[in-house]
Amino acid sequence: MARAAIVICALLAVQLFGAYAADSWKLVPDESGRLRLINTNPYDIPEGESEIEPLFTPETDVIFRLFTRRNPAHGQVLQWNNPASVQNSNFVASHPTRFTIHGWNGGETSGLHANIRQNYLSVGDYNVIAVDWGAGAQTANYIAARNRVASVGDIISRMVNTLVSATGTSRNNIYLIGHSLGAHAAGNAGKMQNGQLNTIVGLDPAGPLFSLSDSDIMAPRDAQYTEAVFTNAGLLGFDLPLSDANFYPNGGRSQPGCGIDVSGNCAHSRAHELYAESVSTTVGFRATRCASHGEIVAGQCTPTGNANMGGEPSNQGRGVNGMFIVSTNGNSPFAQAFVLLATQLLLVASLPVDNSNWHLVPDSDGRLHLVNTNPYALPDDSFVPNFVPEQDLIFRLFTRSNPTTPQVLEFGNAGSIAASNFNPAHPTRFTIHGWNSNGNDGMNTNIRDRYLSIGDYNMISVDWSAGAVNPNYIAARNAVGPAGAAVASFIDQLVAAGASTDNMYVIGFSLGAHVAGNAGKGQNGRVNTIIALDPAGPLFSLGQPDAVSPADGRYVEMIMTNGGLLGSSTPMGQATFTPNGGRTQPGCGTDIAGGCAHGRAPAYYAESITSSVPFRATRCASMQEVVEGNCTPSGPDANMGGEPSNYGRGVTGVYFLTTNDGAPFARG
């Protein structure tokens, strides 16, 4: 049933993408890459949707934060209607000024702000101003956010006026850089400035609900020089040229290093990653000018010149215009020193999604990948790296003596353990990441920090990225057994150093939950507790030899938050907790891809470690009752997660609980 549900969702998503141009329902990502299914017909909004839409007053709700080399990490708030706020800040009129503007559901912490800012401040003295319009962007109603780009642009324009009047800085020294909806906000600010600003850069300008005839769409005359970087054109990004110079990295529709990326999240975000690198790279994104946009769409290019994409300073005044194609690497650094035209041409191939072997599977960042789960029908070029867990796994130890700087414990090297801060008398907690992630994954750091805030623990993050970072999901899925066996062998080395399995927990998320289970199997169930956080569903079922199971530890707890889609819908622990029914989670919006709900499992567990309010749950008669929305209390209540675990308390069966839709999640 779980596999059937995943297949249905995969095919539904593919059909939705296929109907993109003709149907009013579209998949649109927010700033965090979570997909939302939205109705883009403003005359067919569900009754009551507008009633929950919060008021947005740009004059008071748009926040401008200034960063300079004197305050590179902590912004100073500038007020558009308060010249003194500028005059009393670190703003220097003679320094270049760069605004960064986020997209839908973004805000102060949006990745493009920090990434672009850090690159600018690493190369020179700049006034970098992060525009936070989160009060208008952070809404499940995409239409409302889309319709606010003009008013956001107006306030940005007023802020520019204040900078000029209060300090004498020149408009010729100002760039506006916006991503997705933020690109159109930048364009509108430029319109309000009558095209006087030096440069506007649109990073994969948002596509849904925009057309060339719209008055609030980014346009070539919005600044002295406008540049657009298209990385997911025709899906999440706009599909037609919008600027003086239009750059199409790798063809502009999909990006290397993003896997199949059927949702387009990775490719959409790649635009601001490329631009950030262009600011500081010594290599440069050298691009070839093509004769027409039609050539690029057709995967062809008649070379008619060259120019650099992005970069500092911009191409303003250099006569750069038209359509450009450029090839990049699949990972940072993205810029290529030398490129051949033959490698620049990217042909977008259709995917064979007409059978049940194709599933939507997320990586640890929530990016969806369309993968063929039939190992006998994989493309000939499917890459399976040589994964040797005993050599490739990295064990990083954190303690209260080194809470953020790890000590690497080497497999097979007892001396590395003896020379570290590992204390065998202290409890030991392993954390294990999922697909396409590594030991620095947020679930590792969040859980680690919670534990170290309450006591002395040996926190060991297991980095199995050599097996997990792979566009071939099947290869990563098949690595969980060997990875878990290596963790089990490493536990033996800790025991030899004086530790006890009585005092050990192994905590894994998604594919990492199955790695944790296999570590427990390798210890013959001697480990005190195994915590399985929304164990990966695709290609796993209860009873498979490498799937997490109730016998893997003395106590095995499963937290199901996206069962039947990205997570397993079958109870796999001695105790299985199903927050809010275990399939969707409050506060995640439509979340058709499941990435938000999937990620709630480690968030809930991390909170449970330190929360004074427990995640109190009711024991139900069966999993079927939970699925049907009923729960017949059938035993004592129990707490989900927490420290110490439920080991030794007789906690077994299926449990139901509700949570808040934002942190703190626990309700008691």
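In the predicted model, Gly642 lies in the loop that links strand S25 (638-640) to strand S26 (653-657). The relative accessibility of Gly642 is 12%, and this residue therefore counts as buried, the cut-off being under 20%. When neighbours within four places in sequence are set aside, the contacts of Gly642 are with Tyr605 and Ser608. Ser612 stands 30 residues from Gly642 along the chain, and the C-alpha atoms of the two are separated by 9.9 Å.

Burial was also computed for the chain, in which 56% of the 668 residues are buried. The accessible surface amounts to about 25,000 Å², and carbon and sulfur atoms contribute 50% of this area. Among contacts with a separation of 6 or more, 71% are made by residues 24 or more positions apart. The secondary structure consists of 20 helices and 26 strands.

An open sheet of mixed pairing is built from 11 of these strands, arranged in the order S4-S3-S6-S5-S7-S8-S9-S10-S13-S11-S12. From one strand to the next, the twist averages 25°.

Within this sheet, strand S5 (residues 97-101) and strand S6 (residues 127-132) run parallel and are joined by 5 bridges. Thr100 has Ala130 of S6 as its bridge partner. Helix H8 (residues 181-192) packs on the sheet, where it touches S5, strand S7 (174-179) and strand S8 (199-203). The direction of H8 makes an angle of about 150° with that of S7.

Confidence in the model was examined along the chain. The mean pLDDT is 86, and a value of 70 or more is reached by 84% of the residues. Over residues 1-23, by contrast, the pLDDT is below 50, although the model gives this stretch 34 contacts beyond near neighbours in sequence. Residues 42-52 likewise have pLDDT under 50, and 5 contacts beyond four places in sequence are present for them in the model.

Methods: Residues are numbered from 1 along each chain as its sequence is written. This is a predicted model: local features need pLDDT of at least 70, side-chain atom pairs count only at pLDDT 80 or more; totals for chains, interfaces and linings use all residues. Side-chain values use heavy atoms; hydrogens and water are left out. Helices (H or I, at least four residues) and strands (E, at least two) are DSSP runs, numbered from the N terminus. Buried means under 20% relative accessible area, exposed over 50%, partly exposed in between (1.4 Å probe, protein chains only). Contact means heavy atoms within 4.5 Å. Accessible areas come from the Shrake-Rupley method with a 1.4 Å probe; for residues, only the protein chains shown count as cover. Two strands pair if DSSP finds at least two bridges between them. Axes are lines fitted to C-alpha atoms, for helices over the stretch in contact, and angles run from 0 to 180 degrees between N-to-C directions. pLDDT is the predictor's confidence in each residue, from 0 to 100.
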